[in-house]
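Me: I would like to learn how to read local features from a set of coordinates. Could we take them one at a time, with the general idea before the case?

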Amino acid sequence: MTTTPAWLTVLTTTDSEEKARALARGLVEARLAACVQISAPVTSVYRWQNAVEATEEWQLFCKTTAERYEELEAHLQEAHDYETPEIIALPILRGSARYLGWVSAETAPVTSV
């Protein structure tokens, strides 16, 4: 029996630091990610339109909950300028209770009273 992880790290890349910062800020402001870490530069080697490419990119590690994944993916698809952006969700199997509680609290949808 498998269970769906409650928390995820979602990876994406973009081709500039400015775009990475904008994507990260948008995700955090929308409460779709509690934290986005930007790692750069990384070199991506990939096949695109029948050619092997090598590109310098900035990688984003987005901490979120499984509950918010669909909205986070939709946000990235809308905000990203790549035709086919990398959006990969990795399960967080374990972590400190305080940190994972913080991720849950920071990504909880805001409810109006």
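Me: In which strand does Val45 lie?

Reply: This is a predicted model, and what follows is read from its atoms. Val45 lies in strand 2.

Me: Which residues have the most contacts inside the largest nonpolar core?

Reply: That core has 16 residues, and those with the most contacts inside it are Val10, Leu27, Val36, Leu60, Cys62, Leu72 and Leu76. Strand 1, helix 1, strand 3 and helix 2 are the elements that give two or more residues to this core. Helix 1 gives the most, with four residues.

Me: Which residues of helix 2 are buried?

Reply: A general point about α-helices comes first: there are 3.6 residues a turn, so residues three or four places apart point the same way. In helix 2, which covers residues 69–79, the buried residues are Tyr69, Leu72 and Leu76. These residues are on the same side of helix 2 because they cover an arc of only 65° around the axis. Glu70 and Glu78 are exposed on the other side of helix 2.

Me: What do the buried residues of helix 2 pack against?

Reply: They pack against strand 1 (7–14), helix 1 (17–29), strand 3 (51–65) and strand 4 (88–92).

Me: What does Cys62 touch, not counting residues up to four places away in sequence?

Reply: With that exclusion, Cys62 touches Leu8, Thr9, Val10, Leu27, Ala33, Cys35, Val36 and Leu72. Cys62 counts as buried, at 0% relative accessibility.

Me: How many disulfides does a search of the whole structure find?

Reply: A disulfide is a covalent bond between the sulfur atoms of two cysteines. The search of the whole structure finds zero. Cys35 is in no disulfide, and its nearest cysteine sulfur, that of Cys62, is 8.9 Å away.

Me: What does the side chain of Thr12 reach at 2.6 Å?

Reply: The side chain of Thr12 reaches the backbone oxygen of Glu86. Thr12 is found in strand 1 and counts as buried, at 0% relative accessibility. Residues that Thr12 touches, beyond four places away in sequence, are Trp58, Gln59, Leu60, Leu76, His80, Pro85, Glu86 and Ile87. Among these, Leu60 and Leu76 are also named with the residues that have the most contacts inside the largest nonpolar core.

Me: Next, the backbone angles. Which residues does a cis peptide bond join?

Reply: As background, most peptide bonds are trans, and most residues other than glycine have a negative phi. The cis peptide bond joins Ala40 and Pro41, with omega about -20°. Pro41 lies in strand 2, residues 35–48.

Me: Where is Gln49, and where is Asn50?

Reply: Gln49 is in the loop between strand 2 and strand 3, and the place of Asn50 is in the loop between strand 2 and strand 3 too. Gln49 is not a glycine, yet its phi is positive, about 50°. Asn50, a residue other than glycine, has a positive phi near 65°. Gln49 is exposed, with a relative accessible area of 62%, and Asn50 counts as exposed at 76% relative accessibility.

Me: How many aromatic pairs does the structure hold?

Reply: The structure holds one aromatic pair. Tyr99 and Trp102 form it, with 5.6 Å centre to centre and 40° between the planes, and the pair is tilted. The label follows from the angle, because planes under 30 degrees apart count as stacked, over 60 as edge-to-face and the rest as tilted.

Me: What separates Tyr99 and Trp102 in helix 3?

Reply: Tyr99 and Trp102 are three residues apart in helix 3 (residues 97–107), so about one helical turn separates them. Tyr99 is partly exposed, with a relative accessible area of 33%, and Trp102 is partly exposed with 34%.

Conventions. Residues are numbered from 1 along each chain as its sequence is written. This is a predicted model: local features need pLDDT of at least 70, side-chain atom pairs count only at pLDDT 80 or more; totals for chains, interfaces and linings use all residues. Side-chain values use heavy atoms; hydrogens and water are left out. Buried means under 20% relative accessible area, exposed over 50%, partly exposed in between (1.4 Å probe, protein chains only). The arc is that of the directions from the helix axis to the C-beta atoms. Contact means heavy atoms within 4.5 Å. A polar contact is a pair of N or O atoms within 3.5 Å; within protein, one must be able to donate a hydrogen and the other to accept it, and residues adjacent in sequence count only if both atoms are side-chain atoms. A nonpolar core is a set of buried Ala, Val, Leu, Ile, Met, Phe, Trp, Tyr and Cys residues joined through side-chain atoms within 4.5 Å. A disulfide is a pair of cysteine sulfur atoms within 2.5 Å. Rings of Phe, Tyr and Trp (its six-membered ring) pair if their centres lie within 6.5 Å; planes under 30 degrees apart count as stacked, over 60 as edge-to-face and the rest as tilted.
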